[in-house]
Amino acid sequence: MRMWIYIVRRLILLIPIIIGVMTITFVLLSALPPRQQLVAHFGEPPKQKPWLYNPQIPCSYLNASQKGTCDNPYYTALAAKLGLNLPLPEQWAQYMYRSLTFQWGEVSNDSTAGQTVPIAQGQPVTTVLAWLLPYTLELAVLSLAIILIVAIPLGNLSAVYRNRPVDQAARIMSFSGYALPAFLLASLLLIGFVLALGPATGYFVHSPWCPSGEPTYNEFTGSWPQQGCFANNAYPSWLNSGTISTPTGFPTLDAAIHGQYWLALDTIFRILLPALVIAFGTIAGLLRFVRNSMLEVMNLDFVRTARSKGVPEKTVVKRHAGRNSLNVTITVLGLTFAFFIGGFPIIEDVFKLKGVGYILAISVQQTNAPADFGLIFGSTLLFTFIVVIANIIVDVLYAYLDPRVRLG
Amino acid sequence: MATDSSTISAPEPVRGRRPNPRLDQYKRTWYFLRRNTLAIFGLGVIFALVLVAIYASTTSIPWDGMPLCNSTNNQVVTFQELGLPSGTSWSVTMDGVTQTSTGVNISFSEPSGPTYLYTIGNVSGYSAAPSRGSIGVGGVPLQVSIRFTVAPGTAISGRLSPAAALVLPCTVCTYAAGTPSPGPNCYQTPKNNPSVIAPTVSLSPPGLGPLPMGALTLGPGTAYFYNLFNGLLRGTDYSLLLSVSIVSVGAMLGLIIGAISGYWGGVVDEAIMRLVDIFLSIPTILFVIIVIAVVTTTYQTVLGLSLLDTRVFLLIGGFMVVWWPFYARIVRSQVLVVREQKYVEAARASGASRSRIVLRHIIPNSMYPIFIQMSLDVGTIPLLTGFLVFLGFNIWPTPYFPEWGTISAIGTLNVVQAFLGACESGACAIPWWQLFFPGLALFLFAISVNFLSDGLRDALDPRLRR
């Protein structure tokens, strides 16, 4: 029962955080000129009517016989729809309402993102993000799993064998994780793997050990690959029918639901390398904390008591010290989650994974076409919500692991 | 009043300032740091980099851009408008060709050699300066800044400085492969194609000569390159300055806010901690991207700064806004410990004001964790700017801006592009030096800083010293 009260209390504390985050994005959005705010919400004006978002237009555009300048009725209507003519507090209230009801605007036709992904043109931002989110979530879950599997045992080991080779190796790993930019590491790994495995499998970016040339489950075309990672597999019958049934949207789960376990495995294989790169950077930060908290716990009285009782050293490390040092690990992981999520655009860009990070990476590009503010703000809101939700989970885990938190 | 001092001898009063009690702590820290080989290695590398930075700031290479060379004989002439509201259509006529754009730049590609005439098209309500002129094309790409001002005499407030000018011309000369270069700025011409000056991708590996670290081509598929060695040299002071300024401003803010939050407690503490939570939930990189994109879309420049200074200001500001919460948290937890100490109690008992206690007693004694975190973060900044450039997000007004993160991002992109393009067709020629040298510089910098901060932590924490 105490646990539930604790969870509800944490959830209530989240309300000001969500309001605050959205207020910050609102301040940034309303710093844009009205024209750009309209573009961010409704997309670029059509090519035939470039004046659509101008407040004043020559009257001849509306009525061929008139002269002089008139108010643009289209602009007035659109601005009223976004509430641009209202005072700022009311605009803020409208923005909050729109954000919470997932009206995040539309993808522009002429932005870099719209040009690169034609299928997303004119679609609501939330729809496009919903297509892509499952891929990013799978990647996040896989890299989190790698982080937990590697960082905790390695951190504990380097605390137990302090200043021995294991500790030194962990230290070097941690430092190089800090010092190597993710894009450099990702590119090096990509090139290395493709060079090493390419001759056997054919050169391929998405996953070097898979011979086929397209990623599984391309969200943009809604198609499955022609050939899986494990060659000579029969082409699944439900793919031939033309309509793809995707009950969950998660490629791995979908394949498993259809009984195509090799396809599910294939999907996991393809995101293994990017997940490793993401995990490497986060492990670097985490490893030192795990080691230090383990060192601290190992010096506490209850560990000495356990030792003097004659509990085997293995059990002391695993059950007594290890369990107690987990609290710090979980907290630090929650704190670095925003950083962890921020690394996705690069990795998805390098490995050409079609996820939220990828769409963000192309929507910020402004060399050849304008940046897509609708997508930028949308994916920032999405990433922030993910971080907030992750923090709730961390808090609950923390309370579960440490009774002092929920009882104190 | 005379006192009898013969019976009771008072302790000799110390004259002048009392010796600083923290001096002993500094000495002790240095003693333990000195015995840590890795930390001393890090300190040495950082010291050397600072020397290089000081040297670089005295060289003649311009501050805001690298002298470029072009590997084909066609040159790009770019016209850049300043002062028009975004989305306004404007046009340039050059050599009989008219181009119209609503963007900032209009580019022409013209053969080198002759001098061309250009005219700026009329924009209603604005007057252009210069509105016409002539330009000699040869050697290097050119950039012309056209400044639009509101027509009836009222000048736009603020200083609008033109974008980087390109100065040093590249000498074109040919010589046999394997022989030394006949002069400075003279680059080897690839066999079979004498009209193209090396290095196109993969044609100028590093070696002794004009390009000791090879050349950095600007983005895959472009014909421009510059001397990688010069770029890295020039980038040293820039990268160091940017990292140190971002981190120190963020830390300063975090220190003050964290100290207030920890010492005042109660409602103030609660409010500040919620604010910290809000900022900690926004992904760092995305926030910086949005700040730069929004501000540069609305205004070309802010606060009367030049184009480059505006970007630097926004970069520092953006990072600072999302960075102080980390420091504030660290400082707060430290202050919660420090404020219970006897010396703070003593200060309070002797009637010191709150601000004096915070400034003179609490802040100086909660500084050390901040130093460690700062030294960790300094190494991260060039990585993050590289991250932005790698995404294709223009942070600098010129793509050839000498900054380590930018250089390594461009180099990595080139390598990946060459790899995907060439290796799939069988002929693998990877310009590895474009990735290796900038990566090495970044790695060396970040790892030295990390070694140093790890050494500092060990030297400062008595429990780890055993």
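Reader: What share of the contacts in chain B with a separation of 6 or more comes from residues 24 or more positions apart?
Author: Such residues account for 68% of those contacts, two residues being in contact if their C-beta atoms, placed from the backbone, lie within 7 Å. The model is a predicted one, in which local features need pLDDT of at least 70 and side-chain atom pairs count only at pLDDT 80 or more, while totals for chains, interfaces and linings use all residues. Residues are numbered from 1 along each chain as its sequence is written, and chains are lettered from A and ligands numbered from 1 in the order in which they are written.

Reader: How many helices and strands does chain B have?
Author: Chain B has 13 helices and 13 strands. Both are DSSP runs numbered from the N terminus (helices: H or I, at least four residues; strands: E, at least two).

Reader: Why is Gly258(B) called buried?
Author: A residue is buried if 20 or more other C-beta atoms lie within 10 Å of its own, exposed if 12 or fewer, and partly exposed in between. Gly258(B) has 29 such atoms, and therefore counts as buried. This residue belongs to helix α3 of chain B, and its contacts beyond four places in sequence include Tyr327(B), Ala328(B) and Val335(B). Over the 466 residues of chain B, 43% are buried.

Reader: What makes Ile278(A) buried?
Author: Ile278(A) has 27 C-beta neighbours inside 10 Å, so it counts as buried. Ile278(A) is part of helix α12 (residues 272-298) of chain A. Once neighbours within four places in sequence are set aside, Ile278(A) is in contact with Ser143(A), Gly343(A) and Ile347(A).

Reader: Why is α3(B) called oblique to α6(B)?
Author: Helix α3 (residues 228-264) and helix α6 (residues 307-338) of chain B have axes that come within 6 Å and cross at roughly 40 degrees. Axes are lines fitted to C-alpha atoms, for helices over the stretch in contact, with angles from 0 to 180 degrees between N-to-C directions. Angles under 35 degrees count as roughly parallel, over 145 as roughly antiparallel, 65 to 115 as roughly perpendicular and the rest as oblique. The angle therefore makes α3(B) oblique to α6(B). Their contact is formed by 20 nonpolar, 6 polar and 2 charged residues. Here Ala, Val, Leu, Ile, Met, Phe, Trp, Tyr, Cys and Pro count as nonpolar, Asp, Glu, Lys and Arg as charged, and the others, Gly among them, as polar.

Reader: How do you know that α9(B) and α12(B) are roughly antiparallel?
Author: Helix α9 (residues 368-378) of chain B packs on α12(B) at an angle of about 165 degrees, the axes being 8 Å apart. The two helices are therefore roughly antiparallel to each other. The residues in this contact are 9 nonpolar, 3 polar and 1 charged.

Reader: Which helix of chain B gives the most to the side that touches chain A?
Author: The contact takes 43 residues from chain B and 42 residues from chain A. On the chain B side, α5(B) gives the most, with 10 residues. That side of chain B divides into 27 nonpolar, 13 polar and 3 charged residues.

Reader: How confident is the predictor about chain A?
Author: The average pLDDT of chain A is 78, and 86% of the residues score at least 70, pLDDT being the predictor's confidence in each residue, from 0 to 100. Over residues 231-243 of chain A the pLDDT is below 50. Where pLDDT is low, the predicted coordinates should not be read in detail.
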